[in-house]
Amino acid sequence: MNPIDKLTEIFSRFPGIGPRQARRFVFFLLREGADSRAAIIRSIGELSSEIIQCEECMRFFSRQGTLIACSICSNIERDRTKLMIVSRDSDLDAVEKSGAFPGLYFVLGGSIPILEKKPERRIRKDALLSRIEKLAELREIILALNATADGENTEVYLRSLLDSNATERKIEISVLGRGLSSGLEIEYSDPDTLKNALKNRSH
Ligand SMILES: [Zn+2]
């Protein structure tokens with residue numbers, strides 16, 4: 001495969017990018033010139049050298065010394081009785097920017113499409129269970145998933161996964177209030193919508 005086809009193939013694996021757009025990206029890079037391409041290569045290299053995954057919430061964050069937990073998980077001021085489960089890092093960022101949530105997070109790394117036969121392949125199931133296990137003071141798990149078919153399916157799966165253990169430990173499971181109107185996604189919701197969704201969460 002020649003380099004143009006090869007990079008086109010790589011870009012077309014990006015979320016929401018089809019083969020034609022992927023090819024346009026490749027030609028854009030060719031037109032941009034060698035310096036610009038070198039800068040992009042450096043930035044991608046820095047993703048490997050400077051970004052690590054938090055061992056607790058699984059989000060990606062900038063390496064700071066020898067810390068293995070991110071700034072949220074290692075902040076002792078955060079409310080350790082509340083854990084919010086989100087699909088992706090971008091959802092966590094949106095909630096964090098709204099400033100409405102004082103607790104801790106867990107990033108699933110995806111969602112579960114309807115009819116998926118092996119849901120555990122789509123999300124970080126084992127890491128989630130061990131995260132919950134380790135949070136001794138946990139009193140509430142908030143399922144903050146998109147109001148889409150995949151999000152709702154993921155919610156159903158998580159409830160069946162967590163229900164008995166949560167009942168045993170007297171942990172409440174809640175969901176965001178559906179002021180997050182049907183079809184809306186957390187990543188694209190404004191801070192006020194997220195604040196209301198959190199305030200109106202139901203059990
Ligand atoms: Zn973390």
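A residue is taken as buried if 20 or more other C-beta atoms lie within 10 Å of its own, as exposed if 12 or fewer do, and as partly exposed in between, with C-beta atoms placed from the backbone. Met58 counts as buried because it has 20 C-beta neighbours inside 10 Å. The structure is a predicted model, in which local features need pLDDT of at least 70 and side-chain atom pairs count only at pLDDT 80 or more, while totals for chains, interfaces and linings use all residues. Residues are numbered from 1 along each chain as its sequence is written.

We can begin with the overall layout. The protein chain contains seven helices and six strands, where helices (H or I, at least four residues) and strands (E, at least two) are DSSP runs numbered from the N terminus. Read from the N terminus on, the order of elements is α-α-α-β-β-β-α-β-α-β-α-β-α. The C-alpha trace spans about 60 × 40 × 35 Å along its principal axes. Of the 203 residues, 25% count as buried. Contacts require C-beta atoms, placed from the backbone, to lie within 7 Å; among those between residues at least 6 apart in sequence, 54% join residues at least 24 apart.

Two helix pairs are described next. Two packed helices are described by the angle between their axes and the distance between the axes. Here the axes are lines fitted to C-alpha atoms, for helices over the stretch in contact, and angles run from 0 to 180 degrees between N-to-C directions. Angles under 35 degrees count as roughly parallel, over 145 as roughly antiparallel, 65 to 115 as roughly perpendicular and the rest as oblique. Helix α1 (residues 3-11) packs against helix α2 (residues 19-32) at about 125 degrees, with the axes 8 Å apart, and the two are therefore oblique to each other. Ile4, Leu7, Thr8 and Phe11 of α1 meet Pro19, Ala22, Arg23, Phe25 and Val26 of α2 in this contact.

For α4 and α7, the angle is about 90 degrees and the axes are 9 Å apart, so this pair is roughly perpendicular. On the α4 side the contact involves Ala94, Val95, Lys97 and Ser98, and on the α7 side Pro191, Leu194 and Lys195.

Val95 also belongs to the largest nonpolar core, a set of 35 residues. Such a core consists of buried Ala, Val, Leu, Ile, Met, Phe, Trp, Tyr and Cys residues joined through C-beta atoms within 7 Å. Cys57, Met84, Ile85, Val86, Val95, Phe106 and Ala144 touch the most other members. At least two core residues come from each of β3 (79-86), α4 (89-98), β4 (103-107), β5 (140-143) and α7 (191-199). Beyond its neighbours within four places in sequence, Val95 contacts Met84, Val86, Ala100, Phe101, Ala144, Ile186 and Leu194.

Finally, some loop residues deserve a look. Most residues other than glycine have a negative phi. Met58, in the loop between β1 (51-53) and β2 (60-62), has a positive phi near 75 degrees. Leu115 also has a positive phi, near 75 degrees, and lies in the loop between β4 and α5 (125-134). Leu115 is exposed, with 6 other C-beta atoms within 10 Å. Glu185, in the loop between β6 (172-175) and α7, counts as partly exposed, with 17 C-beta neighbours inside 10 Å. Glu185 and Thr148 are 37 residues apart in sequence but 7.5 Å apart in space, C-alpha to C-alpha.

How values were computed:
Two residues are in contact if their C-beta atoms, placed from the backbone, lie within 7 Å.
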